[in-house]
Amino acid sequence: MGLASGSPMQLDGTGEDICGTGIVRRVASTGVDVVVLLTNSLAGRGGSEEQVKAAIGRILEAAPEVRFGLYECQKPYKRLFSPALVKWCAGTGRFVFYKETSLDPDILRGKLEAVKGTPLKIYNADSSLMLDFLKMGGYGHCGVMLSFHPEIYGWMMKNWREDGQTAEHVKQLMTITAQIERQCYPRSAKYALGRRGVPIGDACRRENAAGWDASCVRAVEDMEKFTEAWFAELQRKRDCGRG
């Protein structure tokens, strides 16, 4: 599934549209399956959820053939949708993807309840909550650490039900290794992806990019070695158990 993020509409404090919806149609015309809207681009910091609904309504009307997603992005400010607003979005039938970043299990439960019986699927971004989220009935994970070791997250998605004890250990590994996100991300992720053979440069727009140094390099490389060895041992034990 192709996903494209963008800021299709920005509103000032009065709810006036200052960007228009043309970018939504342009992004959709590239052939992506889903156009992902940033929740913080739909209203200003002080904007109400009614203003957000009005903005979404205009976007849906302007691009009736497009399927949409939503991402609670942290920049330039973080706007978390309430479960009620998520339910309203799900009820349109036009939304199929939601990246949830509240880091709060109770809020996650509320949003999962809000989308029941609709096409909208909630994806959690917090590694430390992945297992709990799946137990709640969550659909999947969409987070930073998938750039570093997607195999571990793939294992969790496939095996958490049948091997609960190991899943708890994998969750602990996820929680600990996710702290590297705080060290020169996204430069660290680009470096990790490059080591995997992904053709990606190291240019970054983030303000912390200048902090990338030899210590950061060692942190990424040592984490790789540790997780690879840990995962290999996990696979060995499971293979022995089947034998």
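Modeller: Axes here are lines fitted to C-alpha atoms, for helices over the stretch in contact, and angles run from 0 to 180 degrees between N-to-C directions. Please keep in mind that this is a predicted model.

Colleague: With that in mind, at what angle do α2 and α3 pack, and are they roughly parallel or antiparallel?

Modeller: Helix α2, residues 49-62, and helix α3, residues 83-91, have axes 11 Å apart and pack at an angle of about 15 degrees. Angles under 35 degrees count as roughly parallel and those over 145 as roughly antiparallel. The two helices, α2 and α3, are therefore roughly parallel to each other.

Colleague: Which residues of α3 meet α2, and what is the handedness of the crossing?

Modeller: The crossing of α2 and α3 is right-handed.

Colleague: How does α3 pack with α4, and which residues of α4 make the contact?

Modeller: Between α3 and helix α4, which covers residues 105-114, the angle is about 25 degrees and the axes are 8 Å apart. That makes α3 roughly parallel to α4, and α3 passes α4 in a right-handed crossing. By class, four nonpolar, one polar and two charged residues form this contact of α3 with α4. On the α3 side they are Pro83, Val86, Lys87 and Ala90, and on the α4 side Gly110, Lys111 and Ala114.

Colleague: Are α6 and α7 roughly parallel or antiparallel, and how many nonpolar residues does their contact have?

Modeller: Helix α6, residues 150-159, packs with helix α7, residues 164-177, at an angle of about 150 degrees, and their axes are 10 Å apart. That makes α6 roughly antiparallel to α7, with a left-handed crossing. The contact brings together Ile152, Tyr153, Trp155 and Met156 of α6 with Thr166, Ala167, Val170, Lys171, Leu173 and Met174 of α7. Beside one polar and one charged residue, the nonpolar residues in this contact number eight.

Colleague: Which helix supplies the largest share of the lining of the second largest pocket?

Modeller: The second largest pocket holds about 200 Å³ of space, and its lining divides into five nonpolar, two polar and five charged residues. Among the lining residues are Phe148, His149, Glu151, Ile152, Arg195, Arg196, Glu224 and Phe231. At least two lining residues come from each of α6, α8 (187-195) and α9 (214-242). The largest share of the lining, five residues, comes from α9.

Colleague: Where are the prolines of the cis peptide bonds Lys75 to Pro76 and Tyr185 to Pro186 found?

Modeller: Most residues other than glycine have a negative phi, and most peptide bonds are trans. The bond from Lys75 to Pro76 is cis, with omega near 0 degrees, and the bond joining Tyr185 and Pro186 is also cis, with omega about 10 degrees. Pro76 is found in the loop between β3 (68-71) and α3, and Pro186 in the loop between α7 and α8.

Colleague: Which residue has a positive phi although it is not a glycine, and where is it found?

Modeller: The residue is Leu103, with a positive phi of about 65 degrees although it is not a glycine. As for its place in the chain, Leu103 is found in the loop between β4 (95-100) and α4.

Key. Residues are numbered from 1 along each chain as its sequence is written. This is a predicted model: local features need pLDDT of at least 70, side-chain atom pairs count only at pLDDT 80 or more; totals for chains, interfaces and linings use all residues. Side-chain values use heavy atoms; hydrogens and water are left out. Helices (H or I, at least four residues) and strands (E, at least two) are DSSP runs, numbered from the N terminus. Angles under 35 degrees count as roughly parallel, over 145 as roughly antiparallel, 65 to 115 as roughly perpendicular and the rest as oblique. A crossing is left-handed if the near helix is turned anticlockwise from the far one by less than a right angle, and right-handed if clockwise. Contact means heavy atoms within 4.5 Å. Ala, Val, Leu, Ile, Met, Phe, Trp, Tyr, Cys and Pro count as nonpolar, Asp, Glu, Lys and Arg as charged, and the others, Gly among them, as polar. On a 1 Å grid over the protein atoms alone, a cavity is a set of points where a 1.4 Å probe fits but cannot get out, and a pocket is an open set with protein on both sides within 12 Å along at least five of seven lines; lining residues have an atom within 4 Å of a point. Grid points are joined across faces, edges and corners, and a volume is the space filled by probe spheres set on the points.
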